[in-house]
Amino acid sequence: MAEEGTGRQMDNSLINKAEITGKLDKVTEKLLRLARPDNEAEMQSLGGDAERRGYFARDFGMDEWDWPQGVGLYGLQKLGRLFGDDRYREYAKPWMERQLKLGLPSRNINTTAPLLSLMELAEAEELSLDWVNWLMQDLPRTKEQGYQHVTTGAVKQELTLHEQEIWIDTLFMAILFTAKMGVKYDNAGWRETSLHQLLLHIKYLYDKKTGLFFHGWHFEERHNFSEAFWCRGNGWFALGLPEYLDLMRPYISDGVFIYLQQVLQAQAEALLACQSGDGLWHTLLDDQDSYTETSGSAAIAAGILHGSRKGLLPESYAEPALRAIRAVLGRIDDEGTVLGVSGGTPIGVRKEDYKEILIAPMAYGQAMALVALGEALYYC
């Protein structure tokens with residue numbers, strides 16, 4: 001399946017259309033019926049250490065309204081577009097209706113994520129407009145008017161403020177939604193806010209020495225925490241920025257577009273330089289003693305393939321990204337479960353904290369595999 005006008009064909013020793021299509025079906029079915037992990041009792045036994053290790057009960061499966069489920073919806077939407085069918089809408093409408101009946105959680109950066117996809121449903125128009133206005137007017141801001149990385153608290157109606165903090169996750173969870181709403185409703189203010197947020201996150205999270213991104217920045221304490229180069233965080237940027245550039249190209253000046261494209265390429269070069277021998281990336285990108293992590297690796301591979309396909313990155317970058325696809329395929333079991341996925345990851349006080357995050361099947365792991373395999377089909 002080659003995109004019209006590209007004519008790209010890749011070596012089938014790396015990827016095979018029939019294999020990828022078969023895996024896509026299995027991963028999709030598993031996402032739709034994803035259950036809680038078998039070892040959840042063991043995770044709960046961690047007590048006060050549970051959240052530091054990435055155990056958040058709401059993160060598992062598709063039964064909640066938060067960022068893991070939002071990323072799950074995004075993956076299903078991408079799949080529906082790839083095959084030109086209604087599988088996303090058939091799932092998303094009743095999913096949203098069920099969540100509305102249950103009652104939505106507190107509004108924050110992470111709970112914005114489901115609307116990145118739902119906003120395209122007519123049934124979600126009123127909620128999406130109300131939500132983007134909340135982002136503009138009521139979301140707490142850091143210094144320099146950054147989107148403060150507010151998240152859900154211990155229960156769904158509570159907030160954890162993370163005062164004066166910005167995180168790399170925000171590009172994917174909320175900035176893309178702001179931009180999409182600005183384009184859909186031709187609202188220049190929303191578009192410009194999304195651009196300011198993107199540039200501000202690059203300003204404080206991009207590491208000029210390596211080309212990689214730190215997990216977060218604290219405006220009051222003026223530091224990047226443990227200065228960790230976290231795999232999935234870099235994946236959010238590698239995947240989110242090409243989509244942002246596609247969406248916003250008509251509204252961005254040539255100078256800003258070139259700048260953003262150069263940042264994308266610098267990150268891609270740095271990522272390819274630290275790709276592990278098996279094709280994946282380590283959860284700490286520059287630490288080979290940390291485990292290789294599937295969801296972040298899939299996001300990175302998908303972003304590089306998308307960027308190469310759209311002319312935002314050199315075509316030569318596709319080959320190593322397809323090696324990552326080969327490795328992701330190897331992490332999908334016979335039931336369609338994507339293995340080797342790390343749990344929700346708070347900013348680590350120490351780099352070692354990232355090595356201790358639990359491993360479990362997650363909706364976003366399923367979704368990132370869907371997006372990555374879908375991108376790979378363009379090269380078959």
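Helices α6 and α7 are oblique to each other in this model. Angles under 35 degrees count as roughly parallel, over 145 as roughly antiparallel, 65 to 115 as roughly perpendicular, and the rest as oblique. The structure is a predicted model, in which local features need pLDDT of at least 70 and side-chain atom pairs count only at pLDDT 80 or more, while totals for chains, interfaces and linings use all residues. Residues are numbered from 1 along each chain as its sequence is written, and side-chain values use heavy atoms, with hydrogens and water left out.

Two packed helices are described by the angle between their axes and the distance between the axes. Helix α6 spans residues 125-137 and helix α7 spans residues 170-184; they pack at about 120°, with axes 11 Å apart. Axes here are lines fitted to C-alpha atoms, for helices over the stretch in contact, and angles run from 0 to 180 degrees between N-to-C directions. The crossing of α6 and α7 is left-handed. A left-handed crossing has the near helix turned anticlockwise from the far one by less than a right angle; clockwise gives a right-handed one. From α6, the contact uses Ser128, Leu129, Trp131, Val132, Leu135 and Met136; from α7, it uses Phe177, Thr178 and Met181. Contact means heavy atoms within 4.5 Å. By class, the contact of α6 with α7 has 7 nonpolar, 2 polar and no charged residues. Ala, Val, Leu, Ile, Met, Phe, Trp, Tyr, Cys and Pro count as nonpolar, Asp, Glu, Lys and Arg as charged, and the others, Gly among them, as polar.

Helix α7 also packs against helix α3 (residues 67-83). The axes of α3 and α7 come within 11 Å and cross at roughly 50°. This pair is therefore oblique. Trp67, Val71, Tyr74, Gln77 and Arg81 of α3 meet Phe172, Met173 and Lys180 of α7. By class, the contact of α3 with α7 has 5 nonpolar, 1 polar and 2 charged residues.

A further pair is formed by α9 (residues 231-248) and α11 (residues 294-309). Their packing angle is about 25°, and their axes are 7 Å apart. That makes α9 roughly parallel to α11. The crossing of α9 and α11 is left-handed. On the α9 side, the contact is made by Cys231, Arg232, Asn234, Gly235, Ala238, Leu239, Pro242, Glu243 and Asp246. On the α11 side, it is made by Ser295, Gly296, Ser297, Ala299, Ile300, Ala302, Gly303, His306 and Gly307. By class, the contact of α9 with α11 has 7 nonpolar, 8 polar and 3 charged residues.

Helix α11 also holds alanine 301. Alanine 301 counts as buried, at 0% relative accessibility. Buried means under 20% relative accessible area, exposed over 50%, and partly exposed in between (1.4 Å probe, protein chains only). Neighbours within four places in sequence aside, alanine 301 is in contact with Trp281, Ala321, Ala324 and Ile325. Alanine 301 and glutamate 90 are 211 residues apart in sequence; their C-alpha atoms are 28 Å apart in space.

Tyrosine 354 belongs to helix α13 (residues 352-355). At 1% relative accessibility, tyrosine 354 also counts as buried. Not counting residues up to four places away in sequence, tyrosine 354 touches His215, Ser226, Ala228, Trp230, Thr283, Leu284, Tyr291, Thr345, Pro346, Ile347 and Gly348. Tyrosine 291 lies 63 residues away along the chain, with a C-alpha separation of 9.5 Å from tyrosine 354.

Backbone geometry was examined next. Most residues other than glycine have a negative phi. Glutamine 145 has a positive phi, near 65°. It sits in the loop between α6 and β1 (151-152). At 49% relative accessibility, glutamine 145 counts as partly exposed. Glutamine 164 also has a positive phi, near 65°. Its place is in the loop between β2 (159-160) and β3 (165-167). Glutamine 164 is buried, with a relative accessible area of 15%.

Overall, the chain has 14 helices and 6 strands. The radius of gyration is 19 Å, close to the 21 Å that the globule rule gives for 380 residues, so the chain is as compact as a globular protein of that length. The radius is taken over C-alpha atoms, and the globule rule is 2.2 Å times the number of residues to the power 0.38. Helices (H or I, at least four residues) and strands (E, at least two) are DSSP runs, numbered from the N terminus. Along the principal axes, the C-alpha atoms fill a box of roughly 55 × 50 × 45 Å. Of the 380 residues, 61% count as buried. Among contacts between residues at least 6 apart in sequence, 70% join residues at least 24 apart.
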